[in-house]
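Biologist: Hi! Could you walk me through this one?
Modeller: Happy to, let's look together.

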Amino acid sequence: MISEEEARAKILEMVRPLPARSSSILHVLDCFAAEDYFARVPLPNFDNSAMDGYAVVANSCAPGKRLRVIGEQPAGLDRQLRVASAEAVRVFTGAPLPAGADAVVMQEDVVRDGTEIIVNLDVDVGEFVRKRGCDLGEGQKILAAGERIRPAVLALLASQGFVDVPVGGEVNAAVISTGDELVNPGEPLQPGQIYESNSTLLRALLQTCGAHVRSAQHCRDDQDCLTEALKRNVIHHVVIITGGVSVGEHDLVQSVLRSLGAKIDIWRVAIKPGKPFLFGQIGDCVVFGLPGNPVSAYVTFLQFVRPAILKMMGASKSELELPKTLARLTVDLRNEGGRPHYIRGRLENGEFTPVGRQESHALFGLSQSNALLRLAAGESRKRNAIVDVEISD
Ligand code: AMP
Ligand code: MG
């Protein structure tokens, strides 16, 4: 059995980023930039008005001063107007600032009188003017290779006129669930049977990472079914098998993998829940064997599978970890065991409270949690301690 840190390091060493591709900005939400991106259009791209009002020469304004309105400049094509002292141009938000103007007076601060306005106040140079490049300069780095493309970043890419951008490769994944006792939702349950829920969990987790789930199938604890399912799915980048990775007579995953020539790099990791975890490869296909207990499958996915998939998608190192935050612990906690324990809890208003039964089968408790607290082997934390929690939701 290896430590959790060794397991993660080994997995990340074995998996490689997929080749980059160029993709439409309509399809790259939550992808990772394959190279540094630079601004080619400054923001704003020209000096413009921040208000509906009048473009003026600031030092020709004072309370009671009359200015002649010599034209109108809406947002859109630049009409190339020029303002001199004692003149004004009617402007609207986003309109290019006419030459000669150095400020905008809000329309609320003037009285219109035919072709003139009467200014009600002193005006400072630069007032209500958005200067070219004040937000973003041309050539400035807007995204580093390996950074995640979030909604506001997408908008920024659009503001630069980009249509396609280089991003990391797409990960195709398959899920195989195993177990004689499992029945697909929608079918009647016989005594002793339970509904198969891990493939639903894993599909959702894969989707949250940005991986594409190409297939999900269930196998009984049957050598032939498992062999066939694996053979069919090794065309994908990642296969996740859940259940059957322990040491019972019905746990066939290891032997089937070996019979298919798989290289098994990791089997059993010191982590709670999730000890019977497996990582290996069949040719170029990366295989994860996750425990059947739902909470174990969840925790091992987040700790081992998620970072591997993100790395394949081109994520930088800092993007591989779950987001973390500090929280005040609301109860005393102690990990009596010899393995790090991921406590499932509720993070709310800066406080972390464990929820539900802290056992690997307890799916309801898991469903109520939104964060994980890692307690190292033998570690105890007192109520009110400030702890670092991982946001799992
Ligand atoms: P295993 O890892 O196959 O020994 O299974 C451990 C526990 O997880 C058993 O109680 C199984 O019934 C349960 N389990 C295994 N696979 C699934 C699944 N796909 N959905 C829900 N529960 C499962
Ligand atoms: Mg089983």
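Biologist: In what order do the strands of the open sheet of six run?
Modeller: The order is β8-β5-β7-β6-β10-β9, with mixed pairing; strands are DSSP runs of E with at least two residues, numbered from the N terminus, and two of them pair if DSSP finds at least two bridges between them. This is a predicted model, where local features need pLDDT of at least 70, side-chain atom pairs count only at pLDDT 80 or more, and totals for chains, interfaces and linings use all residues. Residues are numbered from 1 along each chain as written, chains are lettered from A and ligands numbered from 1 in written order, and side-chain values use heavy atoms, without hydrogens and water.

Biologist: Which strands stand at the edges?
Modeller: β8 (103-106) and β9 (110-113); each has a single partner strand, so one side of each is left without a neighbour in the sheet.

Biologist: And how do β5 and β7 run?
Modeller: Antiparallel, with four bridges joining β5 (residues 53-56) to β7 (residues 87-91). Val56 stands opposite Ala88 in β7.

Biologist: Switching to ligand 1, which residues come nearest?
Modeller: Of the 14 residues around ligand 1, Glu181, Glu196, Ser197, Gly244 and Gly292 do; "around" means a heavy atom within 4 Å.

Biologist: What polar backbone atoms does an oxygen of ligand 1 meet?
Modeller: One of Gly244 at 2.9 Å, and one of Asn293 at 3.1 Å; a polar contact is a pair of N or O atoms within 3.5 Å.

Biologist: How much of ligand 1 does the protein cover?
Modeller: 77% of the 480 Å² of accessible area that ligand 1 has on its own, by the Shrake-Rupley method with a 1.4 Å probe.

Notes: A polar contact is a pair of N or O atoms within 3.5 Å; within protein, one must be able to donate a hydrogen and the other to accept it, and residues adjacent in sequence count only if both atoms are side-chain atoms.
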